[in-house]
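The following note sets out several points for a colleague who has the sequence and the structure to hand. Please read it beside the model.

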Amino acid sequence: PPAMVRSILQNSADPVPFGTTSSLEVVHRQGAGLLDIDDAIVADTLVVPAKISLGEGTGGTKTLSITNNSSAMRIYTLGHEAARVTFGSTFAPSAVPFGATVTFSHGGVAVTSVQVAAGATETVDVRIAMPSAGLPNGLIYGGYVGISGGGKTYRVPYAGFWGDYQLIQVLAP
């Protein structure tokens with residue numbers, strides 16, 4: 001189905017760096033990243049949802065389903081890649097490196113990996129938290145949850161907004 005194709009393309013995409021720096025471009029500018037069609041064709045893992053929208057606030061907890069479509073049991077290592085955050089004027093925003101804290105749990109227990117049988121699906125809770133002290137209003141943050149197994153890394157981009165939407169001036173007097 002089209003939704004599954006989109007998820008596979010997003011899971012297999014490669015995030016690009018911010019200019020010539022080692023940090024990643026902001027998620028709300030690049031989405032899941034640069035499509036990697038070769039990796040999408042041979043992908044034997046599906047992670048859904050393929051993107052996490054956190055909305056307004058300092059994060060949240062979402063559940064990811066990891067499906068192992070290979071013919072062997074697989075242990076997936078769970079990780080996180082921070083991307084830059086933006087704030088300030090929409091015409092000339094500042095983009096600075098700043099990372100969220102990401103933790104994982106499976107069955108209520110903190111984990112750094114999860115075992116998935118061949119042809120099976122397991123769920124993992126992902127908790128994303130931005131520190132709330134000292135953040136400017138209107139900051140857009142994001143990054144990538146990484147799920148590595150079978151020699152490949154699958155990613156799920158996430159993004160959120162810190163601040164108060166009501167304080168954003170839409171029209172000038």
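1. A pocket, as the word is used here, is an open set of grid points with protein on both sides within 12 Å along at least five of seven lines, and its lining residues have an atom within 4 Å of a point. The model under discussion is a predicted one. Its largest pocket is lined by 13 residues. Those nearest the centre of this pocket are G88, S89, T90, G138 and I168.

2. The largest pocket holds about 320 Å³ of space. Its lining comprises five nonpolar and eight polar residues, with no charged residues.

3. An open sheet is built from five strands in the order β1-β3-β10-β7-β8, and their pairing is antiparallel. Strands β1 (45–48) and β8 (109–111) are at the edges with a single partner strand each, so one side of each has no neighbour in the sheet. On average, neighbouring strands of this sheet are turned by 35 degrees against each other, direction ignored.

4. Within this order, β7 (residues 101–106) pairs with β10 (residues 121–129) in the antiparallel sense, over five bridges. Opposite S105 stands D125 in β10.

5. Side chains of opposite charge can pair when their charged atoms come close. The structure contains four salt bridges. One of them is formed by E25 and R29, whose closest N and O atoms are 3.2 Å apart. What is the accessibility of E25, buried or exposed? E25 is buried, because its relative accessible area of 10% falls under the 20% limit. R29, by contrast, is exposed, with a relative accessible area of 59%.

6. D44 and R74 also meet through their side chains in a salt bridge, at 2.8 Å from N to O. This pair links distant parts of the chain: D44 belongs to the loop between α3 (37–42) and β1, whereas R74 is in strand β4 (residues 74–82), 30 residues apart. D44 is partly exposed at 21% relative accessibility, while R74 is buried, with a relative accessible area of 13%.

7. Strand β4 also takes part in a further link between distant parts of the chain, in which its residue E81 is paired with R155 of strand β12 (residues 152–162), 74 residues apart. R155 is buried, with a relative accessible area of 14%, and E81 is partly exposed at 29%. Through salt bridges that share partners, D14, E81 and R155 are joined into one network.

Key:
Residues numbered from 1 in each chain as written. Predicted model: local features only at pLDDT ≥ 70, side-chain atom pairs only at ≥ 80, totals over all residues. Heavy atoms only, no water. Pairing = 2+ DSSP bridges. Helix = DSSP H or I, 4+ residues; strand = E, 2+ residues; numbered from the N terminus. Axes fitted to C-alpha atoms, helices over the stretch in contact; angles between N-to-C directions. 1 Å grid on protein atoms, 1.4 Å probe; cavity = no way out; pocket = protein on both sides within 12 Å on 5 of 7 lines; lining within 4 Å. Points joined across faces, edges and corners; volume = space filled by probe spheres on them. Nonpolar A, V, L, I, M, F, W, Y, C, P; charged D, E, K, R; others polar. Buried < 20%, exposed > 50% of the residue type's maximum accessible area, 1.4 Å probe, protein only.
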